[in-house]
Amino acid sequence: MRILLLMRLAEKLVVKPGRAVRLQEFDPDLTPGIKAKPDMDAILRETASKMATLQYLMYAEKKRALLIVLQAMDTGGKDGTIRHVMTGLNPAGVHVKPFKVPSEEEQAHDFLWRIHQAVPPRGDFGIFNRSQYEDVIVVRVHGLVPPSVWKKRYAQINAFERHLAENNVTILKFFLHISKEEQKRRILDRIKDPQKCWKLSPADFAERKYWNDYQEAYADALGKCSTDWAPWYIIPANRKWFRNLAVAQIMLETLESMKMKFPKPSFDPSKLKLR
C-alpha cells in the first residue's frame, strides 16, 4: 500500500469547489500515478482489512456515519464497485440503497424526502446506488420538471448535504466516468453473456441517444455540488481495476483521517469479580 499512500488519489481526483466541469477534459482511461496494473487482489485484501477494522471502530464509537454516493452512466460500474470495494465489511453495518423511479408515495413529497430516510445512522456505512442527483440529471435530460424547478435543486442539495455533514455524516461522492465507446463495448458484452444479459433493458439502448445531454447534466451537477463538506470525485472508470483501487483508497484515507477512538467502558472492569 505504500505506493497508494504516496499517490494521494483524493487530491488528484477531487472536483475543487466552485470549479466549472467539462467532462470532455477528463480521460476515462487515465490511471494517474500508476503505469501498470498492480496486484489488485492483494491491494483490495489489505484495504478491505483496514476498512473492516475502521468500520468496527466507527460502530463502537457511535459518533458518526459514512455515506458513499455512486453515480454513473448505464454500465458505469456502480454494482461492480460495491461488490469489489466493500468486500470484507460487516454487512450488518452497511446499508445499500438503490434509488429507482420514485414511487407514488415518494412523488407526493419533496424530492429529498426519500433520500433523508435512507441516510445511515451513526456507527454505520451507507451506500447510495444513484441518489438525490437523479433529480438534477434524469429530470433535466427528459424534461420531467421545468428548468425553474431543477435549477433550484443544486442549492437545496448543497444545503441538505451540509446539514448531514454538520450532524457527523461524512459524505464521499464518486462519479464513475466511462467513455461512450466503453459503454458500447460493455453493452455488447452483456448481450453475449447469459449471466449478464438479464441486466439489459430497451431503455439502455434508448438512453444512449441522450449521451451528450447526460454529460452536460452531470458536468453541471459535479461543478455546482462539489463542496468542502461533500466533495465529488471523478473516477476514470474505463479500467475497472483502477476504478476499484481509487474508490477503495479514497474511502480508506477518509476513514483514517477521522482519528476515531474506542469509547471508555461505562464501568470499572477491575472492580468486577468473576465467580
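The model is predicted, so local features need pLDDT of at least 70 and side-chain atom pairs count only at pLDDT 80 or more, while totals for chains, interfaces and linings use all residues. Residues are numbered from 1 along each chain as its sequence is written, and side-chain values use heavy atoms, with hydrogens and water left out.

Tyr56, Tyr59 and Phe262 together form a nonpolar patch with about 380 Å² of accessible area. Such a patch is made of residues with over 30% relative accessible area and no salt bridge, its nonpolar side chains (Val, Leu, Ile, Met, Phe, Trp, Tyr) being joined within 5 Å and like charges within 9 Å. A salt bridge here means a side-chain nitrogen of Lys or Arg within 4 Å of a carboxyl oxygen of Asp or Glu. Areas come from the Shrake-Rupley method with a 1.4 Å probe, and for residues only the protein chains shown count as cover. Tyr59 belongs to helix H3 (residues 40–61); helices (H or I) are DSSP runs of at least four residues and strands (E) of at least two, numbered from the N terminus.

The loops come next. Lys62, in the loop between H3 and strand S1 (65–72), has a phi near 55 degrees, a positive value in a residue other than glycine. Thr75 is also not a glycine, yet its phi is positive at about 70 degrees. The loop between S1 and helix H4 (78–85) holds Thr75.
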